[in-house]
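User: I'm new to this structure and would like to learn how to read its interfaces and salt bridges. Could you walk me through them?

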Amino acid sequence: MTSLSVDLIASAILIGTIPRAMPILLAALGETLDQNAGILNLGVEGIMLMGAITAFTTEYFTENFVLAFIIAFAIGSLFSFFHAFASVSLKADQVVSGTALWFIGWGLSGVLYRFYFGNSPSPPVIQTLHHVSIPYLSNIPFIGRLIFGQDPIFYTVIMSLLFIHYFLFKTRIGLNLRTVGENPLVAKAVGVNPSLYRYLACMFGGGMAGLGGAYLVLTVVGSFFYDMTLGAGFIAVALVYFGKWKPLRVFVGSLLFGAVYVFYLTAETYFQYVPYQFIEMLPYLFTLIIILIAGTRAHSPASLGKPFHEE
Amino acid sequence: MNYLRLGQIFLSSLLAVLAGSILLSLFGIPPITGLTSLFYGGFFSEYGLNQTLQTMTPLLIMGIGLSVTFTARFWNIGGQGQYVMGSIISTWVGLSLSSVLPQSLLILVVLFSAFFAGALWSLPATLMKIYFGVNEVITTLMLNFVAVFLLDYLVVGPLQGPQSKALNAPASAPIPAKDMLGSLLPGGAIGYGLILAVFLAVIFFVLLNYTNFGYELKLMGQGYEVSSYAGVDTRKNIILAMSISGGIAGIAGMLQVFQINGVLLPQVFSDITTSYGYVAIPVALIASLNPIAIIISSLFFSGILTGAYSLELQYGIPIDIVTTLYGLVMMFTLIGMYLNLERLIKKT
Amino acid sequence: MIALNKEPLVKMVNITKRFSDVVANDSVDFELYESEIHALLGENGAGKSTLMNILYGLYHPDSGDIYFKDKKVNIRNPLEAQQLGIGMVHQHFMLIPTFTVLENLQVSGRGPFRLKPEEMIEKIKRISSELGITVDIDRKVHELSVGAKQRVEILRLIMNRAKILILDEPTSTLTPQEVVGLFNNLKKLRENGNSIVLITHKMYEVYEVADRVTVLRKGRVVLKSLKVKVQPKDLADAMLGQQREVKPHDRPEVSNPALMRLESLTVLDDEGEEAVRNANLHVAGGEIVGVAGVAGNGQKELVEAIYGLRPSLSGKIFLGVNDITRAKIRDRIENGLGYIPEDRKIRGVALDLSLDLNSIATDHWSKPIINYNFIDYQKVKEFASKIISTFGVITRSNQSKASTLSGGNLQKFIVGRELIKEPKFIIAENPTAGLDVGATEYVRQTLISYRNRGRAILVVSNDLDELLELCDKIVVMYKGRLTAPIPRGKFDKLEIGSLMLGKEAETA
């Protein structure tokens, strides 16, 4: 058994944590906004897959990362538009609607992949996003590369994280959104339009989920394979509960989650005797644990999952 | 069952399949041609019908199991994991006791072990919901992944059979032929499993609509406030309902090994065609959780699956289209259920 | 003083509004002047709230027009109403309990993107002192008393620059003293130039604070007048349409002295605090005991503990000779306990299930309906039909979902379901809240005749007037403690009001 190597662990964290955490964080941030407005979107898994396939295809044919991300966001928003329509306008059961979207996204992404790349002799691959190096700061030992040597999207994500936090808690619109999530009737009586807020929050949430899928393909993996999210969408939803509907806590949760992947990478060195399938189970067991810790001691948005019957 | 509702569901499903068939044109197949092949391949060819009835069995069984928990609005997404655990334990028990017990007794023991395995696997999520209020969708789902990985390990590890080791193909030792559940008709279409499933459908229909237990489940589905007011012991009931649901899923897993495959095979995640635990969800939902109607919806869903296979063989259309179709059927039936009421009100 | 010489500020002309087959407003004309307090009077269900909800943009009229300062306007939502300077305080407060007062006041359809708390706080302080309305900005709303919540609502209206304030039944859950405080505030607001619409069903409030009164009955305007020009008797006639009979209230002999008894009962609330402290109470057969009190003093926990929805920390509960303190709800029901909950739609019935299925909710285990765990639907139908016909529930069929029933009918159904089993002891929580006059009378009469048959009834209500009318004895609940019972002969509204506010009294 090799001794504990700081270097190995450091690189494992660098390579493992952040990239693994980002897709889930993106989806979780979107779902946080969604749930703060009272909408439960379980279709995140399918939307992430749709985001992944559209981003991959766009990047493959246009080699334009920005465009790929934009399209992934747009597709994600479109998908969740349907969820919003079912949940807000038709006042249907949100669990069922979300599950339907999951299936549609799951299947459609596979169909599209076969459509575009079915005839390729070998699996198509794209060049993943390069990491940037912020001068000087990235030279700080260890954390330098960790924080300041990431791909550009990472910084965008951090900024959106901060913005979402600011938005929810320091702006009037964010407060209105949270009010809609607590009691849409109260919001309406005060002059806030609950349906509008719910639609927009839902579409933003879906867009973020699309971005999450896109990030997974474009930054982490570099290719698309069917069902590549493997439950990431649901883990994102779990993170929202863990984070008690607050973006900063969700961020911490996503980092913890990413850290679990460190085990993957250090497994050969430290856990040779453990069959790799058990290591693969870890993220899911971890999710069980964190959602258990969250429990419902936190106050969830009171109208979460409930349709709003006006007049 | 309301006839208007029935017609609505039927219409919505058809519309959904129609909508999905538009995707066929991506692959150069005109939708109507594709649809016809789909239905022919699924229902009207001899081989297809055979396959459909075979696939229908696990779907029907698991759909029935879900109807119990879904009635109480407890979303058991963990059917897949319960199914896998049932298949694992029943294989292990079956192989271990195959030489010891006579066939009839062995089948019973194996059946029970599958049921217990599935029921036990459903327990953690149930307890977490009862005592900690944790969302059951996520917990049941996570356990699915754990179960599948466990299966992955076992078929190349402790449970690997000698032939498969030689072939380097992951699988368990095969179930001895004498212990396989034979079929009733020549050609092997309708096995004991399907008969059992239809039988279960009737039993559960009675259970849900004519017993106290079923009534209490319905109250629970209406909300914790009213069900506790009515004196319902929600904890006991949900544990019971989930155990039944999980146990049934376990039995489905056992049947797959003992009747169809003959060996325990690893589960491929992306393979919707064997992910009965997930497909059972729309199967139960579009039948409005009515076990008798689930017979029809499981037939429909498995027919589409078989038909999609034939489409793949004939035209090279990816099997993933099936998942899309399933999702569309769910969406359309959901919209169909809620649409008329709301639109009418908006118009006045 | 009302500026009657000028044109009215608001004119509602020929307003008609239907809800399915019920006509809530029938060609209603309504005028509101500047600087007036206008009482909109009528029994429950007369259409008062509907009319004002239309003015506030929450509902849309089927026909009719609204004029604001002589210009025709179309108020499509509360935001537009607010822009006209119209604000409304509803019966159920439009506040988020987990937000602070400050946050609740900041929620708004218009304003800056960024929240500016310091500015807001300044503004609040200014307005509070101007009007003499005090609020504690940083407390979470669920911690506030009912009166305080109401002040927050009024404050919100003023901050949104409302010149017209609509208050829907503001006094029903206040103590008499708090009502005085509210009316003083309203008078001050009127002096400041505001117009106030006071929706109420209590006649005496017209005389205490209003300048003009409009009376609605069954959706129609039946009287419009300056207060000074109308006699109480005429007002009463207008409201009720006929002479109201004074129903006799004789009591039978008290049988079975302590049918339901609480001994030193202590119950915790959801946060682990003591909500009911050392309560002692007994209700005898043949009497109606009322629990008076401002909402939030432990009534919810008390009722839930007696019924079995909440465990008690210490003490005992007796039903007859049986100690039911630790009994399951099912056992308590079998022992003769019944409960008519306040939350009809959430607790009392399963909305999406049929009336047939709902009829057996609180007894789905006894013969002859249930035999060895199997349901006999023939018997269920008979049972439901019996409830529906005996208690006059109007519905198309037994198969209709409970959600199709109107408020009054739903309550009749629930009351019927509970009483038809003849439980020895029944708890009724705010039994006539939100019901129209017909249903209210019916429920009250039913309870009285039930009492006359020797049963014990506990009525927990926030409406003091209801308790004064109905009960043989009243106890007051304040911060978890129950006072000694006050017999009917000694009912003193102001005294009870002070007890509701915490004045020291003998505790039971």
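**Reading the interfaces and salt bridges**

Analyst: Let's start where two chains touch: 52 residues of chain B are in contact with 48 residues of chain A, contact meaning heavy atoms within 4.5 Å. Keep in mind that this is a predicted model, where local features need pLDDT of at least 70 and side-chain atom pairs count only at pLDDT 80 or more, while totals for chains, interfaces and linings use all residues; side-chain values use heavy atoms, with hydrogens and water left out. Residues are numbered from 1 along each chain as its sequence is written, and chains are lettered from A and ligands numbered from 1 in the order in which they are written.

User: How much area do chain B and chain A bury between them?

Analyst: Buried area is the accessible area (1.4 Å probe) that two parts lose on being put together, summed over both. Here chain B and chain A bury about 4,500 Å², and 80% of that is on carbon and sulfur atoms. On the chain B side, Ile138(B), Met142(B) and Phe149(B) lose the most area to chain A, together 14% of what that side buries.

User: How many salt bridges are there between chain B and chain A?

Analyst: The general idea is that side chains of opposite charge can pair when their charged atoms come close. The cut-off used is a side-chain nitrogen of Lys or Arg within 4 Å of a carboxyl oxygen of Asp or Glu. By that rule there are two salt bridges between chain B and chain A. In a salt bridge between Glu312(B) and Arg114(A), the closest N and O atoms are 3.5 Å apart.

User: Now for chain C. How many of its residues are in contact with chain B?

Analyst: 28 residues of chain C are in contact with 17 residues of chain B. These two chains bury about 1,900 Å² between them, 58% of it on carbon and sulfur atoms. In chain C, Arg347(C), His364(C) and Ile375(C) lose the most area to chain B, together 27% of what that side buries.

User: Which side chains meet in a salt bridge between chain C and chain B?

Analyst: The count between these chains is one salt bridge. Its partners are Arg347(C) and Glu225(B), at 2.8 Å from N to O.

User: What other salt bridge does Arg347(C) form?

Analyst: Arg347(C) also meets Glu304(C) in a salt bridge (2.8 Å, N to O). This pair links distant parts of the chain, with Arg347(C) in helix α11 and Glu304(C) in helix α9 (residues 299-307) of chain C, 43 residues apart. Helices here are DSSP runs (H or I, at least four residues), and strands are too (E, at least two), numbered from the N terminus.

User: Is Arg347(C) buried or exposed?

Analyst: Buried means under 20% relative accessible area, exposed over 50%, and partly exposed in between (1.4 Å probe, protein chains only). Arg347(C) counts as buried at 9%, and Glu304(C) counts as buried at 5%. Salt bridges that share partners join Glu225(B), Asp270(C), Lys300(C), Glu304(C), Arg310(C) and Arg347(C) into one network.
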